[in-house]
Amino acid sequence: MEAPKRAKQPNILILMADQLTPSALAAYGNQVSKTPHIDALAAGGVVFESAYTNSPLCAPSRYVFMSGKLPSEIGAYDNSAEMPSEVLTFGHYLRHAGYRTILSGKMHFCGADQLHGFEERLTTDIYPADFGWTPDWDQPEVRPSWYHNMGSVTDAGTCIRSNQLDFDEEVVFLAQQKLFDIVRDDDARPFCMVVSMTHPHDPYAIPKQYWDMYRDEDIDMPRVQIKPSEQDPHSKRLRHVSDMDSTPISAQQTRDARHAYYGAVSYVDEQIGKIRRTLEQTGQADNTIIVLISDHGDMLGERGLWYKMNFFENACRVPLIVYAPDRFQPNRVAASVSLVDILPTLVDFAFDGAAPAYPEAIDGRSLLPHLQRTGGHDEVVGEYLGEGAVAPLIMLRRGPLKFVHSPGDPDQLYNLAADPYELRNLATDPAAAEVLQAFRSEVAGRWDMAALRAEVVASQRRRRFHFAAQNNGTHQAWDHQPFQAASQRYMRNHIDLDTLEARARYPVVKH
């Protein structure tokens, strides 16, 4: 689907936060958070009010976001799953369309391919690229030592430095530097750049300047509390796998964790402001479509749960804002869409809605009709195949209804228009029997649940064996190692000094 070079093709800048739930943003109704830069994107952009991840876990959600395919289609089971190199991503599609594709930050690729269609990758990843975090559905009672525990909550507060601050400052600095490089080099192609930060992902620790943006008494507390004994089976398993049952959390610890989370959200907002200023300084803002997104949300103590790994709203909804006021009139979209829809949307941006035939079928649908107010779909399909599950967990969202199914667990059916906090499970309501049966039939027709579970377990067994073997003898890491050609940086003797200085200076000095 190669396209001729067109000067009017827009640049695409994707700003991605990690574990950012829309319920923590003013653009989605939050009254606590302070995010002026995100607010500005929302005010001038198209806000998708009901956007979802297709798998509420870091790596699977990102693989779906990049490929336009559901997790079971590409083996994107968990945080240690490998996305095969032959899987086409928007990086491949956009390079065919004449774009330079750039990643600064996290994408959680596992395996030897650490590019997956990106022409350039400016940083390494914050997370490992090996198979060491493979779940074990053969032993659901064994809690993985490497997985989430409640230390992120019990130790919440301020810090001077952290692993995540080290990472995000590198991510943002190199992204800004790349925007300056783009405007000064001779490559006339449009760009698609993903700037992917790790905040506000736990641990909940943030420097005092961001903590002090909020008063302790202003921090809102979880609206829904459910006793562990009254929770659904999957939530009970999540409590076990994250060690929640053995770590009681006080009200003050909950408040502190949410306080630090809000501080981290404001930190992300500040980084977004820096990148936007650089885009404006380089004269590229007017021809750049900005997409703000996250990979999944965070429960933040709602229902007594933390982190993600479930299909309750706080964990599976994501912010999605498309900012291009010269192209798309500011608007709010109520229809439900998801990360799987991003790839065809980006392709439509590149081809102005007239993309050639795709080389294969994808699961996503373009958001362009929503952006242009000409229609659009209202459906989300979700799959969770990671830690805390013992069988595939399926979610269908259509209209006001959300259906969640996993073999062996009671079904869940919620009408989110009437019950936004998911307090009334309609699966036991005789009045909803017909709707419930329709959803069950749809799931049975779309998935062979026994076969899918067998595929997941077989993959887990292979990867655990593989990881053990790779750590015997000499270990060859897959982690991405960024390369910079020092011979081409700053002042060198391969080019005349005056020419070099003239090329590096921006704006150009005219004589």
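Select Y384 and then L393 in β13, its bridge partner. The model is a predicted one. Now extend the selection to β12 and to strand β13, residues 393-398: the two pair in the antiparallel sense over six bridges.

Next, go to the largest nonpolar core, which has 100 residues; select M193, Y204 and W306, the members that touch the most others. Helix α9, residues 251-281, gives the most to this core, contributing eleven residues.

Stay on α9 and check its length. With 31 residues at 1.5 Å a residue, α9 should span 45 Å, and the 45 Å between its end C-alpha atoms agrees with this. Of those 31 residues, 23 are buried, so α9 is largely enclosed by the rest of the structure. Just after the helix, select G283, which takes a positive phi of about 70 degrees.

Return to W306 and show its surroundings. Leaving aside residues up to four places away in sequence, W306 touches M150, V153, Y204, M244, T254, A257, D298, M299, L300 and G301. For the last stop, select I74, L320, F328 and A335: they are among the 48 residues of another core, which lies apart from the largest one.

Notes: Residues are numbered from 1 along each chain as its sequence is written. This is a predicted model: local features need pLDDT of at least 70, side-chain atom pairs count only at pLDDT 80 or more; totals for chains, interfaces and linings use all residues. Side-chain values use heavy atoms; hydrogens and water are left out. A nonpolar core is a set of buried Ala, Val, Leu, Ile, Met, Phe, Trp, Tyr and Cys residues joined through side-chain atoms within 4.5 Å. Buried means under 20% relative accessible area, exposed over 50%, partly exposed in between (1.4 Å probe, protein chains only). Helices (H or I, at least four residues) and strands (E, at least two) are DSSP runs, numbered from the N terminus. Contact means heavy atoms within 4.5 Å. The expected span of a helix is 1.5 Å times one less than its number of residues. Two strands pair if DSSP finds at least two bridges between them.
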